[in-house]
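Please look over the sequence and the structure shown below.

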Amino acid sequence: MEFVSQLGSSTLDGLSYLGSLASLGARAAYYTLVAPFQGKPLRLRRAVSQAMDTGVRALPILSLITFFIGLILALQAAYELRRFGAISAVATAVAVTMSRELGPLITAIVVIGRSGSAFAAEIGTMKVSEEIDALETMAISPIRFLVAPKFLAMMVMLPCLTIWANVMGILGGSLFGVAQADFTLVRYIQASIDSLLLRDITTGLVKSVMFVITITAVGCLEGLSTGAGAEQVGRSTTQAVVKSIFLVVVVDLFFTVLFFFAGNQ
Amino acid sequence: MTTGQILPASPIEPVLSLRNLRVSYGEREILHGISFDVVRGETLVILGGSGSGKSTLLRTLVGLEKPSAGEIWIKGRDLAKTSAEEMDEIRRKIGMSFQGGALFGSMTVGENVALPLREHTRLEDSTIEIILRLKLQQVGLEGFEYYTPAQLSGGMKKRAAVARALAMDPEILFFDEPSAGLDPIIAAGIDELILELKRAFHMTIIVVTHELASAFLIADRMLLIDKGNIVALGTTEEMRSSTQPRVRQFLDRVAEPEVSGELDYLQMLTAERPAAYSSTGKRG
């Protein structure tokens with residue numbers, strides 16, 4: 001009986017958390033996409049510097065990781081494909097897996113680690129030092145002032161990073177293709193491009209847009225709900241990373257199922 | 001802000017009135033029915049120990065906490081019943097100086113002070129620049145607009161925060177623990193600044209503090225709250241000559257009576273008669 005009531009209460013907690021996320025996401029979307037056209041300008045300069053942080057500065061580490069992931073994928077695929085004498089299908093396997101699944105997912109995880117955590121830490125520190133309260137007493141919405149620029153930056157940068165990650169993954173795969181599967185670099189790239197349908201890329205991008213909403217909302221919500229004291233900022237940051245990774249995987253699963261059945265029709 | 005200089009303050013019409021204000025966090029009620037008025041141009045100091053509810057009172061007055069019951073009238077509007085838009089309108093007429101300053105670390109001092117003007121007015125940049133210089137001059141920080149908050153000392157941060165609170169020419173200025181964490185000389189400087197604002201601009205000022213010396217220096221009237229209730233409200237002279245035990249204890253800095261025996265300690269924790277302790281033994 002106790003188990004059932006515990007299950008019930010944690011389900012309710014989970015649902016109310018999702019509710020807060022949805023409400024924050026909706027308000028952030030309003031201040032990013034609607035309010036600027038009603039005479040409440042967005043802090044564009046802040047959004048640009050945020051985009052530099054979230055996007056451009058993530059490129060080196062993201063490139064390295066996705067290059068390796070591409071190479072690993074090629075090795076793992078070749079292990080099976082070799083038995084069927086179909087080693088040349090490695091290019092297809094890497095290209096499709098990267099752009100449908102791993103490109104968006106790995107990008108999201110790198111961005112959670114770099115930016116989702118930073119959102120929570122920045123907003124959490126501002127909460128602890130009463131800066132969020134100060135914004136409210138000055139009649140400035142913290143959502144518009146702090147969350148909206150981050151949302152815009154993520155909205156622009158995450159899809160770009162995802163495409164970049166796809167390219168780097170394919171290049172990683174090509175290293176194996178050229179060294180072990182009798183491809184030339186040009187032929188490998190050509191084979192990858194030929195194997196990709198536009199749909200493979202757009203499904204990845206749809207996912208990455210959903211990840212933007214998830215990562216920004218979780219990072220900012222954790223920051224805004226930081227309690228008193230410096231150690232709470234650390235807790236918020238950890239929570240932001242753990243919850244973002246979990247929710248990104250859930251969102252990923254949901255859309256993969258959706259695209260699987262939509263693609264079969 | 002300048003209206004106070006031209007027209008003498010009317011002592012009758014209050015700028016801020018509280019009627020039976022109650023505030024709760026969840027189940028726990030922090031303020032149990034607070035009522036008082038603040039008239040134009042006066043400085044009210046809210047005194048109280050830690051956990052007395054004085055900070056909650058201040059947070060409620062600036063709209064950071066919602067009252068669970070009662071009324072807060074500012075400018076003819078009840079804060080407890082306003083919409084978000086009306087609340088924002090009221091907030092443009094009040095200024096708040098936070099305990100640690102609460103300056104935005106990613107902006108310079110100048111950008112901090114200019115922020116409310118940039119957000120709420122359509123003034124030209126050159127006009128904002130002039131207002132900014134003026135506000136910084138008022139708090140004695142001229143020439144510091146390009147510093148970041150991290151480069152300022154504690155006292156300067158508070159001054160910058162006051163400049164930011166003054167930016168929109170508020171009608172009521174709130175201070176949370178203005179001298180907390182400052183050495184006595186710097187703290188006296190902040191008191192001097194508050195007195196200056198009062199003298200020069202006839203501003204209505206509400207200060208929350210537990211620093212007695214500073215309170216007696218700046219206050220016109222004082223309000224002592226304890227455990228969420230008003231204990232005393234009066235002028236500084238009335239407070240000084242008060243014979244109320246709780247007021248005397250606070251002003252004379254008498255510690256809570258020491259607890260000696262185990263039962264006394266239990267009584268203090270549970271606030272019940274020790275008899276209740278022995279009666280629990282009958283259970284089962």
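## Two helices in contact

In this predicted model, Gly110(B), Val113(B), Ala114(B), Leu117(B) and Arg118(B) of helix 4 meet Ile128(B), Ile131(B), Leu132(B), Lys135(B) and Leu136(B) of helix 5, where a contact requires C-beta atoms, placed from the backbone, within 7 Å and a helix is a DSSP run (H or I) of at least four residues. By class, this contact of helix 4 of chain B with helix 5 of chain B has seven nonpolar, one polar and two charged residues (Ala, Val, Leu, Ile, Met, Phe, Trp, Tyr, Cys and Pro count as nonpolar, Asp, Glu, Lys and Arg as charged, and the others, Gly among them, as polar).

Helix 4 (residues 109-120) and helix 5 (residues 125-138) of chain B pack at an angle of about 125°, with their axes 10 Å apart; the axes are lines fitted to C-alpha atoms over the stretch in contact, and angles run from 0 to 180 degrees between N-to-C directions. That makes helix 4 of chain B oblique to helix 5 of chain B, a word kept for angles that are not under 35 degrees (roughly parallel), over 145 (roughly antiparallel) or 65 to 115 (roughly perpendicular).

## Confidence and conventions

Chain B averages a pLDDT of 84, and 86% of the residues score at least 70, pLDDT being the predictor's confidence in each residue, from 0 to 100. Over residues 272-284 of chain B, pLDDT stays under 50.

Residues are numbered from 1 along each chain as its sequence is written, while chains are lettered from A and ligands numbered from 1 in the order in which they are written. Because the model is predicted, local features need pLDDT of at least 70 and side-chain atom pairs count only at pLDDT 80 or more, whereas totals for chains, interfaces and linings use all residues.
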